[in-house]
Amino acid sequence: MPKENTHRIGHKPHLLAIAWPLLAELVLGFGVGFVGMWLVSKESDTASAAFGLANHVQGAFFLLFRIISMGVGVVITQNLGAGNRRDANRTALASLGASTWLGLGSALVLFAATGPLLTAMQATPDVRALATPYLHVLAFALFLDAFNASMASVMRSHLHTRETMFNILSMHALHLALCFPLMRGMGAMPAMGMVGFALALTISRGFGLGVHLWLWRAVLGLYPTWRDAVAVRWDTLRSSIAIGLPGAAENIAYRVAMLVSVTVVSTIGTAELATQGYAMQIMNVIVLSTVALGFAGEILVGHLIGAGELRAAWKLVRKCLFWGLGVSLAIAILTAATAPWTMRLFTHDPAIIAQATTLLWITVLLEPGRTCNIVIITALRAAGDARFPVVAGAASMVLVMGFGSWLLGIHFGLGLTGVWIAYALDEWVRGGIMAARWFRLGWVKQAVASRRLVNRTSAV
């Protein structure tokens, strides 16, 4: 077990005190997506398939922003844990310029490459016709989300999770309020369907950015300038990118493997693609608590590493796993057991309901592996061991999830069930690798190096 440094961070909130505001954000975010899928499902299963497919594309682009937000969050928590507020503020302001250019580039690529992306994913002509205008509008929201991701990460790193929660909740509430009139029409306003959902999303993200700017001034005492928004300060961001790039690469590898599996599902049929979208929406309920615990653990582990408290960090992750495994398994069983009824919110097709229910029971088997992945990977990243998850997990994501989806789903003829078995196998393989890394203390060397780097920069 690693030795502790005698230095302690002055304020150490309880894990659940950090996790519950994050969970509230995630629950409402899920609620917005759930309502969007429900409204779209009233049009047709084809529209649902297009909505689900387009959201996978948008999610893949959003992961690029994690390069900045993930790395910035870890660097700031480590600096704050070491009492180095000056470098924490410099890193926060430097994140804005990087967010501008990364967000703008992502939005332009998504807008210009929508057609080729959907074609590459084997989307049928009727699905492409619905998904294309939706993704074009989402490109604007994507640009704004680049700022919201990095600015929220800075707030959370300072342990202001409640203030961030209220902003995110307000943003999602506005999105929901605008969804119904824009999607279904009201008075002289025509029904815009999926495009209305994307437009509501864009407006709400603009609102959230405005509130984040106010929070930075009022709560953190940070006053960004136009120069901060356009300048890319590589020297300041070097440490953040060194952490964020491998972390984002791990997420991108996962998303690419997921897109490969979704492409496999697209070749099976539109009904299966719709079933995949419905089951994914329900499955998101299960993972919310685990993600909240993982993010909370990442914040606190970063502070503890900066303070040199490695033993406390090791124990904290064990606690996160205990809560995560218990809660996620209970929710997974409840979700699978109630699937024959909850799926009727989206469709009354008995074949789709039966297949989606089977997929959710597979999720019960998948969940322990995924919990280990989420909790431990975020902890490794906070400890400065950001490269290991992508190096160790990439092979599983490519071979077990990506190739396994084709092998089980198409080659062996198991269809959508085979694809989800591949998901479960991948989570268990990577979860076992990550658990061994953490509990055998393979991360300690990187944590000590991160601690020394923070001390060295604070002394300059």
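This report describes aromatic pairs and nonpolar cores in a predicted model.

## Aromatic pairs

The structure contains 10 aromatic pairs. In one of them, the ring centres of Y134 and F197 are 6.4 Å apart and the planes meet at 45°, so the pair is tilted. Y134 belongs to helix α4 (residues 125-157) and F197 to helix α6 (residues 194-220), so this pair ties together parts that lie 63 residues apart in sequence. Both Y134 and F197 are buried.

The aromatic pair of F322 and W323 is edge-to-face, with 6.2 Å from centre to centre and 85° between the planes. F322 is exposed, having a relative accessible area of 63%, while W323 is partly exposed at 37% relative accessibility.

## Surroundings of Y134

F51, Y134 and F197 are linked by ring pairs into a cluster. Leaving aside residues up to four places away in sequence, Y134 touches F51, A54, N55, M194, V195, F197 and A198.

Nonpolar side chains tend to be buried together in soluble globular proteins. In this model, the largest nonpolar core comprises 77 residues, and those with the most contacts inside it are Y134, W420 and Y423. Helix α4 gives the most to this core, contributing 11 residues.

A second, separate core has 34 residues, including L293, L300, I305 and W443.

## A charge over a ring

Another feature involves an aromatic ring and a charged group. The charged end of R437 is placed over the ring of F388, at 4.2 Å from the centre of that ring.

Definitions and conventions:
Residues numbered from 1 in each chain as written. Predicted model: local features only at pLDDT ≥ 70, side-chain atom pairs only at ≥ 80, totals over all residues. Heavy atoms only, no water. Phe/Tyr/Trp six-rings, centres within 6.5 Å; stacked < 30°, edge-to-face > 60°. Helix = DSSP H or I, 4+ residues; strand = E, 2+ residues; numbered from the N terminus. Buried < 20%, exposed > 50% of the residue type's maximum accessible area, 1.4 Å probe, protein only. Lys NZ or Arg CZ within 6 Å of the ring centre and 35° of its normal. Core = buried A, V, L, I, M, F, W, Y, C linked by side-chain atoms within 4.5 Å. Contact = heavy atoms within 4.5 Å.
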